[in-house]
Amino acid sequence: MSTLSFDFSGRTVLVTGAARGIGLEVARSFSQWGATVYVVDFDKAALDEAGRDAGVRTIQADVTNTEQVNEAVERVVSETGSIDVLVNNAGILRDKVLWKLEDSDWEAVMATHAGGTFKFTRAVVPHMRAAGRGRVINVTSYSGLHGNPGQANYSTAKAGIIGFTRTAARELARFGITVNAISPNAATRMVESIPEDRRAEIVSGIPLGRFAEPSEIAPAIAFLSSDEAGYITGVVLPVDGGLSI
């Protein structure tokens, strides 16, 4: 866990796809930095474990379901009075070369990554506008910036998140809401699903010679969520050990 110290006392943070991996480490870090943290995931068993392990509040919801998204946001606001930080982290993989991709593979990945990011952002904006401030952090990917064989669906969704981030940043700046993205390269369950020879190839191209630990991603998200980052919006911050150089 990072030794950096941020102060999010009195702030409410909602992190999607947070029952494990980067999302869980981000949620745990915000909790240690004083925030009231809600984690959203569709996996109830993993959510229950995350709640016990990280001391956060949990909401079972499908980020592709508009009704469930709206209910999750309304619950957070009713219990805490605000949502100060939204971290859109939820994601899935359905990797295949494009000529083997089925419609369901494409649609599920697009709906989770791009659709979930859009739906949660749309749901929190009225509350952030009323407060006159807010932070939205979207998780994109190296694949969204550069493409990756076998990930036409994932790369398209992550590239879409970059376009969404920059557009939302322009639209929401006048309300005191910043919208930024990070492009992480961490050792998560998604990375573990990559064939070993392909993982070794990726590592060989990382100047720092390794994947990040999920806990190393949290400080970057925290900085973009902080008061000190109030003049930063519309950026994509690579947290990838130099992979994108």
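The dialogue below takes these features in turn.

Reply: Please keep in mind throughout that this is a predicted model.

Me: How is the packing of helix α1 and helix α9 to be read, and at what angle do they pack?

Reply: Two packed helices are described by the angle between their axes and by the distance between those axes. Here helix α1 (residues 21-32) packs with helix α9 (residues 218-225) at about 55°, and their axes are 9 Å apart. That angle makes α1 oblique to α9. The crossing of α1 past α9 is right-handed.

Me: How many salt bridges does a search of the whole structure find?

Reply: A salt bridge is a side-chain nitrogen of Lys or Arg within 4 Å of a carboxyl oxygen of Asp or Glu. The search finds eleven salt bridges in the whole structure. In one of them the side chains of Arg 20 and Asp 43 meet, at 3.3 Å from N to O. This pair links distant parts of the chain, 23 residues apart: Arg 20 is in the loop between β1 (12-16) and α1, and Asp 43 in the loop between β2 (36-41) and α2. Arg 20 counts as partly exposed because its relative accessibility is 29%, and Asp 43 is likewise partly exposed, at 24%.

Me: Which side chains meet Glu 79 in salt bridges?

Reply: The side chain of Arg 57 does, at 3.7 Å from N to O. Glu 79 lies in helix α3 (residues 66-80) and Arg 57 in strand β3 (residues 57-60), so this pair ties together parts 22 residues apart in sequence. Arg 75 also forms a salt bridge with Glu 79, with the closest N and O atoms 3.1 Å apart. Arg 75 and Glu 79 are four residues apart in helix α3, and therefore about one helical turn separates them. Glu 79 is partly exposed at 42% relative accessibility; Arg 57 is partly exposed at 38%, and Arg 75 at 32%. Elsewhere, salt bridges that share partners join Arg 11, Asp 84, Arg 133 and Asp 227 into one network.

Me: Which residues form a nonpolar patch on the surface?

Reply: Val 97, Leu 98 and Trp 99 form it, with about 370 Å² of accessible area together. Val 97 lies in the loop between β4 (85-88) and α4 (103-131). With 32% relative accessibility, Val 97 counts as partly exposed.

Me: Is Ala 45 buried or exposed?

Reply: Exposed means over 50% relative accessible area. Ala 45, which lies in helix α2 (residues 44-54), therefore counts as exposed at 56%.

Methods. Residues numbered from 1 in each chain as written. Predicted model: local features only at pLDDT ≥ 70, side-chain atom pairs only at ≥ 80, totals over all residues. Heavy atoms only, no water. Patch = residues over 30% accessible without salt bridge, like charges linked within 9 Å, V, L, I, M, F, W, Y side chains within 5 Å. Areas by Shrake-Rupley, 256 points an atom, 1.4 Å probe, with all protein chains shown as cover. Helix = DSSP H or I, 4+ residues; strand = E, 2+ residues; numbered from the N terminus. Buried < 20%, exposed > 50% of the residue type's maximum accessible area, 1.4 Å probe, protein only. Axes fitted to C-alpha atoms, helices over the stretch in contact; angles between N-to-C directions. Parallel < 35°, antiparallel > 145°, perpendicular 65-115°, else oblique. Left-handed = near helix turned anticlockwise from the far one by under 90°.
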